[in-house]
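Hi everyone, thanks for coming.

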Amino acid sequence: MQTIVLMGVEEIRKRLGEASTQRIYVLSRRPEFPRPVATLQSGRVWLADDVEDWLRRESPDNRLDEVAGDQALGLGRCIAQRRQQMQLTQAELAARCGVTYWTLSRVEQGKTNAKQATLQKIATALNARLVLEPTRTDQ
């Protein structure tokens, strides 16, 4: 008897290193992503082998996601460090820059792709400059 292994959003999240549910939603909507084998009340499920094959084919893209995640985490750490230097709590900084506590917390943890406008608000509240520089694409 053959065992069929399925993956839902949660399993795919873990496979991608705790990617956000929103990120999995975006990936699963790509035309080349495997078709789900079923849609349950709790969400869609895929054959694990199909998802693993797709991940192997898309590995360069996954590496780019890892780099972007590392950069977001680095930015988040800088924000947290500056906030602590100013002796502000996350709630206090969030109130100063007009974002929710949860948004600021996710930015500091590198768990969100914050909009430039949000980052600018945070920078202004921290008396810092937001500098965006192009990076080399061959790295």
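So, look at I79: leaving out residues up to four places away in sequence, I79 touches L93, L104, V107, E108, L119, I122 and L126, where touching means heavy atoms within 4.5 Å. Quick note: this is a predicted model, where local features need pLDDT of at least 70, side-chain atom pairs count only at pLDDT 80 or more, and totals for chains, interfaces and linings use all residues. Residues are numbered from 1 along each chain as its sequence is written, and side-chain values use heavy atoms, with hydrogens and water left out.

I79 belongs to the largest nonpolar core, which has 12 residues, including C97, V99 and A125. Here a core is a set of buried Ala, Val, Leu, Ile, Met, Phe, Trp, Tyr and Cys residues joined through side-chain atoms within 4.5 Å; buried is under 20% relative accessible area, with a 1.4 Å probe and protein chains only. Giving two or more residues each to this core are α5 (90–97), α6 (101–108) and α7 (116–125). Helices here are DSSP runs of H or I, at least four residues, and strands are E runs of at least two, numbered from the N terminus. Another core lies apart from that one, with 11 residues, among them M7, A48, V51 and W54.

Now the sheet. β2 and β3 (residues 43–47) pair over 3 bridges, and T39 stands opposite R44 in β3.

Definitions and conventions: Buried means under 20% relative accessible area, exposed over 50%, partly exposed in between (1.4 Å probe, protein chains only). Two strands pair if DSSP finds at least two bridges between them.
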